Structure formats: structure tokens, C-alpha cells
Amino acid sequence: MKKTEYLVIGAGIVGCSAAYLLTKQGCKVTIVDKSYPCNEASGVNAGGMELLQQPPQSLPVHILAAELWDQFQNQDEIDVGYHRTGGLFCVLKEEDLHLLDEQAERFAKNNLPIERLNQEQVKEKIPYICDNVIAANFSPMSGYSNPLKAGVAILMKAKQLGCEFYDHQFVKDIKPAADGNGYVAYTENEEFQAERILITGGIRSPWLLDDMGVHIELEEKHNMITVTEKAPHFIDYTITTPTMTMKQTAEGSILIGGGREGYGDLNHNDKRKDVSIDGLCFNVKEAQDIIPSMKKLNILRSWAGFEGFTPERLPYIGEVEKYPGVYYAVTGFCGYCIGPGVAAHAIKCMNGEEYFDVKDYR
Ligand SMILES: Cc1cc2nc3c(=O)[nH]c(=O)nc-3n(C[C@H](O)[C@H](O)[C@H](O)COP(=O)(O)OP(=O)(O)OC[C@H]3O[C@@H](n4cnc5c(N)ncnc54)[C@H](O)[C@@H]3O)c2cc1C
């Protein structure tokens with residue numbers, strides 16, 4: 001039996017951030033994953049950090065997350081590939097203009113900087129953009145980080161500070177410890193006893209939580225990413241439309257996300273997910289319509305991954321009523337971007353601190 005103060009179940013961006021932040025506070029932390037770190041959504045996403053399209057109640061957690069991404073990269077010396085480039089939310093149809101007004105209102109409420117751009121101003125920021133973008137909002141808070149390295153780098157830093165990590169430990173059950181000290185998490189070949197447990201299993205969190213009486217409704221999404229060959233730098237900002245996201249990474253590739261979904265069925269085969277060729281063509285066409293010169297670039301790869309959406313697109317963070325001391329932190333939309341903020345919020349809950357009530361932000 002391995003004993004610890006805090007056990008984190010699931011080494012995605014939320015789990016790795018929680019393990020790091022707790023270890024940094026001086027806690028004894030163990031983190032486990034059923035596979036290797038960031039083998040799921042946190043390792044295959046587009047790395048996009050776009051605050052403009054987020055539900056208003058989630059903005060305070062997003063602001064916290066943005067501060068943490070910056071802190072990881074620029075103070076804690078963890079190379080998460082974070083770049084706060086600023087980003088544009090572009091509108092192509094008159095009937096979508098109201099989205100820009102709503103974003104401006106949400107940002108003003110949260111004292112966040114935002115700039116409304118007309119067609120000419122959009123062109124000044126992105127000279128290669130098409131003529132069909134009629135207006136945009138610009139947020140200097142937007143940017144991206146590199147999912148291929150971020151979560152693992154955060155975990156490695158946690159390990160340097162004393163956190164223990166065990167891979168290939170699929171937690172199947174959690175029960176109160178026989179000696180009365182916290183709980184025991186059972187895997188195939190190991191038992192982990194902890195005073196407090198944080199479940200950060202992403203879209204698979206319900207596999208543990210349902211048995212404990214907590215039901216989180218997660219709509220299964222099969223997001224797709226397409227990546228082009230590298231090109232000299234010509235897009236300085238992240239670009240989002242109501243149906244698509246794109247960015248040119250520091251390395252030069254263009255990453256296209258959003259749009260149509262791929263395939264997958266978590267409950268029948270949790271490993272199998274695939275791209276849809278029709279969906280892929282649709283997404284690439286939309287990106288090419290926005291930046292026509294992209295047509296010159298070859299597509300190198302496309303892939304799909306699972307993501308869970310909550311009905312309100314908000315994260316769920318809390319304590320399991322029947323098992324005091326067991327907590328959960330599950331993202332509900334753009335979970336990579338908000339992930340460190342969700343982890344930090346969960347830690348505040350675990351420490352019994354009053355943080356903020358999302359009801360105040362409706
Ligand atoms: C293709 C794609 C593109 C995306 N693009 C973006 C984007 O641009 N911006 C953005 O913000 N978000 C994006 N997302 C969403 C984002 O990736 C996820 O919301 C986020 O990574 C979820 O992080 P997590 O830590 O909660 O979960 P996960 O990354 O799913 O990690 C959960 C971990 O828990 C482990 N686990 C689960 N159950 C158990 C168990 N019982 N025992 C042990 N381990 C367990 C899993 O193996 C996994 O490693 C995208 C998602 C996909 C799939």
C-alpha cells in the first residue's frame with residue numbers, strides 16, 4: 001500500500017496542474033494515470049486559449065488560468081510553449097455581429113481589455129485575411145500553448161519538487177480506509193491510501209463518480225485537428241470564427257480546429273477515435289476561405305480526440321457528498337485553456353477556502 005496526503009487521479013492538464021500546485025504548497029502528493037501523462041485530450045488538442053467565446057460564468061476561472069499559464073512559462077521556468085499573442089474573433093455574417101457586442105459586455109464586466117475592429121482594422125492586424133470578414137473583436141489575452149509538452153513539463157516540475165507519479169494505474173474503485181485515515185484507491189496491482197483525493201479523469205471522470213453518487217452530464221465530442229507543413233511566419237494572432245479556430249504556431253505550422261467532428265464511441269471502445277474525411281475537408285475549406293494563401297500549404301496530419309462538454313459549458317468542481325475528502329475537477333468546454341484555473345480552484349475547495357461563486361457572474 002502506498003500512502004500519501006493527496007492523491008490525484010488522472011494526469012491530464014487539470015491533474016498535472018493540481019499535482020504541481022499542491023506539491024509547490026509543500027503537500028505530499030501522488031498522481032496516477034491509467035496510461036501515460038496527457039495520453040488523452042490534454043495531449044492532442046489545439047492548444048488554443050481564446051477567452052472571447054467563453055460563457056460569462058467561466059471568465060473568472062479563465063482569468064486565473066491565463067495568469068497560471070503565464071506564471072508556469074515566465075516565473076516557474078516550465079516550458080509549456082505559452083505565447084500570449086492576442087487573438088481575433090471574426091464575424092463573416094451580419095447576423096453574427098451581436099456576438100461581438102455580447103463579448104464586449106462580458107469583457108467589460110470582468111475588466112478585461114477588448115477592442116472592436118472594423119474590416120480595415122482586421123486587415124491591418126492580419127494582412128492575408130480574406131475580404132469577407134466584416135468585423136472582429138481583438139483580445140490581447142488570447143494565445144496558445146503547446147499540448148505536446150505542457151502537461152508533461154508541469155508534471156516533471158512537480159516530480160522535481162517531490163511529487164510521485166505512477167503510470168498505468170487504472171483506478172477502478174475508491175473506498176474509505178479501514179484505519180479511518182482517508183480513502184484507498186484500488187488499481188489492478190496497487191493500492192493508494194490518501195487523506196484527500198482529487199478526481200481529474202476528464203471525460204472518463206463519470207466512470208468513478210457515478211458509483212459515488214455524483215452524476216456529471218458530459219456530452220461526448222470527437223474534436224478534430226488538422227496541421228499543415230511549416231511556413232514562414234505570416235499570422236501573428238489566433239483566429240476564431242463562430243465555427244473554427246486557427247493559429248500559426250511558433251514553429252510555423254498552422255493548426256486548424258473546431259468545425260466538424262470526427263468519430264468515436266467512448267463507451268464501446270474508449271481508445272478508438274478517428275477523423276471524418278468529409279469533416280476534415282469542410283474544416284480545411286473554412287480555414288482556407290479565411291486565409292486564402294493557406295491553399296499553398298500541404299496538410300501533414302489530422303487526428304481526433306474525445307472531449308466532454310457539460311450542458312452549461314462550465315467546469316464542475318466540488319466535493320463528493322457521500323465521501324467527504326474526495327473531490328472532483330472536470331472541465332466542460334475548452335478544458336485545456338481553463339485547466340490550470342480549474343485545478344487551482346479545486347485546491348482552494350480542498351483547503352476549505354471560500355473562492356468565488358459562479359452565480360455572481362451570470
Ligand atoms: C482534438 C481536440 C482539440 C481541442 N482543442 C482545444 C483547444 O484548442 N483549447 C482548449 O482549451 N481545449 C481544447 N480541447 C479540449 C481539451 O483538450 C480538454 O478539455 C482538456 O484537455 C481536458 O483536460 P483534463 O485534464 O480534464 O482531461 P484529460 O486530458 O482527458 O485527462 C484525464 C486523464 O485521466 C486519466 N484517467 C481517466 N480515468 C482514470 C482512472 N479511472 N484511473 C486513472 N487515470 C484515469 C486519463 O488517462 C487521462 O490521462 C480539445 C480537445 C480535443 C480532443
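For my notes, a residue counts as near a molecule if its C-beta atom, placed from the backbone, lies within 6 Å of it. What I have open is a predicted model, where local features need pLDDT of at least 70, side-chain atom pairs count only at pLDDT 80 or more, and totals for chains, interfaces and linings use all residues. Residues are numbered from 1 along each chain as its sequence is written.

**Ligand**

I looked up the shell first. I found 42 residues around the ligand, with Gly10, Gly12, Gly202, Gly305 and Gly335 the closest. Which element gives the largest share of the shell? That is α9, with four residues; α9 spans 335-350 (helices are DSSP runs of H or I, at least four residues, numbered from the N terminus).

**Domains**

Next I checked the domain assignment, which is automatic or from a database. It gives domain 1 (2-51 + 148-217 + 312-361) and domain 2 (84-142 + 218-309). Their C-alpha centres are 29 Å apart. I see 18 residues of domain 1 in contact with 21 of domain 2 (contact puts C-beta atoms, placed from the backbone, within 7 Å). The ligand shell takes at least three residues from each domain.

**Core**

Then I went for the largest nonpolar core: buried Ala, Val, Leu, Ile, Met, Phe, Trp, Tyr and Cys joined through C-beta atoms within 7 Å, buried being 20 or more other C-beta atoms within 10 Å of a residue's own, all placed from the backbone. This core has 65 residues, and Ala329 is one of those touching the most other members. α9 supplies its largest share, nine residues. Apart from it I noted another core of 32 residues, including Phe89 and Met246.

Notes:
Helices (H or I, at least four residues) and strands (E, at least two) are DSSP runs, numbered from the N terminus. A residue is buried if 20 or more other C-beta atoms lie within 10 Å of its own, exposed if 12 or fewer, and partly exposed in between; C-beta atoms are placed from the backbone. Two residues are in contact if their C-beta atoms, placed from the backbone, lie within 7 Å.
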